[in-house]
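Reader: I am new to reading protein models, and I would like a close look at a single part. Could you take one residue and then show me the setting around that residue?

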Amino acid sequence: MNELEKTVPAEELVNPTPSETCAVETSPAEDISEAADRMENESAEETPVNYHNMGKAELNEAMRSILAENRMDAHREVTAIKQAFFNIRSRESMEEVNAFVEAGNDPRDFSSVPDAEESEFKTMYAEFKEKRAAYLAAEEARRQENLNKKQAILDRIREIAEDIDNVNVKFSEFQQLQQDFKAVKDIPATAETEIWKNFQTVVEQYYDHLKMNKELRDLDFKKNLEAKKALVEEARRLEAQSDPVAAFRSLQSLHDEWRNIGPVAKELRESLWEEFKEASTVINRRHQEYFEQRKASELANEEAKTRLCDEIEAIDLATLNSFNAWTAATEKVIELQKKWKEYGFASKKANTALYARFRKACDDFFAGKTEYFQKTKDEFNANLEKKTALCEKAEALKDSGDIRKAANEVVKLQAEWKKIGSVPRKQSDAIWQRFQTACNYFFDERKKLNSAKRDEENANLEAKCAVIAKLKELPLDGDRREVIGQVKELQWEWQKIGFVPFKLKDKVYAEYREVCDALYGAYEARENKARMSNFRERVSELKDGGHKLDRERDKLLRAYESRKAELKTIENNMGFFNVKSSAGNSMVKEMENKIKRLKEDMAQIEQKIAILDAEA
């Protein structure tokens, strides 16, 4: 119980005690003009209309409507309209820059195109601010005038209260003065608490002096009880309202009404206030949860946008060294920009910095892309000049009298052509057609000259097939010296025969090699078997020769390791040959044969070592 309740009967209080006021309330010491300015800039509470779904023309129309209706109290709506309008302009600006850069321009050369709708909006916004300033000044003057009226009424009530002799006679006037006092609204916030306390004091003083009868008090209490119960029901109905911000504002109005209603019977006062406070707590909690959820959403948006910044900044421009790489990276950046637009606002503190960071990362990427494309364009133009020069050289060779020599020169020109990079796409087909036409002229002429050569190659093919047939007729179990001698004669005959048709070259050579390998393999196997038999006899002779077997084994091990090292070297070198060329294929086959021989030697050495180990 406060000091007033200790000195004045509770049933005689006209207004509620300070404990009955709203839990969430603007400080009375706050200056009205400063509060208006603050509310104009803050975005904590949303307007009922979602202006972010409107276009610029609709936003301008909404602004125009507010000015036409002279709604100077619509500062929150104007703030929301302004934010929505400049969000659109910001997105348009980013899209203009992206399109400018995508067109191959330097982003530093970009200049924004004047926007007529933006100019109109700024003009209307400036007009609103000017009118609102005048409106706020008028409102302040009106509130001060209302304060003067309340003070005059209060002075008159104090005169009546202090006139103890006539207090009963002036009860009707006292009642009217209370109504007049309550009817005057909107005074400066800095004076609200003090004037209310003074009003309570003089009213309590009057009732102390009046000592009116209990019947009149009970009637007043009953009227106040009905009014406050109605406010409790209204507060409870606010729980069903979907908009927590609107519900909170309505609750503040109910608390203002509660303060202006007089007291109720003492035994009902606390329970009634608890009911009202309980209903108010639900609304206040929903209001608080709403802003906590919005804060969490803004934090999530901040984290998501930070990840987008990290992702676009992680793109290494130095690794983008082809059109496909830049195209893929561009698609990724555009996708990140789309995601950016999908996320809502981050916290007011971080949103601007994040946008600046993301915008810079995008600008840096597209600046790098522009630089790369310009550099590549210059390279393409240089390549076009080189290929044009090759075309001119090929065309000049038509005057040469030696077609074969000229064709060989053309082959060299073709090799140079392959080393030159790409040219601009518009000239690519034309320059290639020109070069191909020039080259084909020589190849067609050479083709005519090669007709006789093909006849010669077919004759060589028949001769080589005859050699193969003779090799196949040789026995695999005859006299080695005689048979191998015949093989070598036929091989010499093979070497003297010229080229065969290119398409059959590998096939006929493979057949020839297969027959030779079979003959050499058969007689080599017989010879190896004989050598092994001789080696066993030699081992038997060395058996009683002290350390001769050990020395022989060491000799064989050194020979084995030598061939093993040679085998490893050859296998490593195999990876350096270009098997796509004819020379490369020939070298590879030679290396493969050498590997085969080395492995066979190593197998024989292993057998000999095994024989030595068995006799040791």
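Author: Leaving aside its neighbours within four places in sequence, N146 is in contact (heavy atoms within 4.5 Å) with V184, K185, D186 and I187. N146 itself lies in helix α5, which covers residues 116-162; helices here are DSSP runs of H or I with at least four residues, strands are runs of E with at least two, and both are numbered from the N terminus. Because its relative accessibility is 9%, N146 counts as buried, a word that means under 20% relative accessible area, with exposed meaning over 50% and partly exposed in between, using a 1.4 Å probe and protein chains only.

This is a predicted model, in which local features need pLDDT of at least 70 and side-chain atom pairs count only at pLDDT 80 or more, while totals for chains, interfaces and linings use all residues. Residues are numbered from 1 along each chain as its sequence is written, and side-chain values use heavy atoms, with hydrogens and water left out.

Turning to the whole protein, there are 19 helices and zero strands, and buried residues make up 35% of its 616 residues. Of the contacts with a separation of 6 or more, 81% join residues 24 or more positions apart.

The pLDDT, which is the predictor's confidence in each residue from 0 to 100, averages 78 over the protein, and 85% of the residues score at least 70. Over residues 1-47, however, the pLDDT is below 50, although this stretch has 118 contacts in the model beyond near neighbours in sequence. Where pLDDT is low, the predicted coordinates should not be read in detail.
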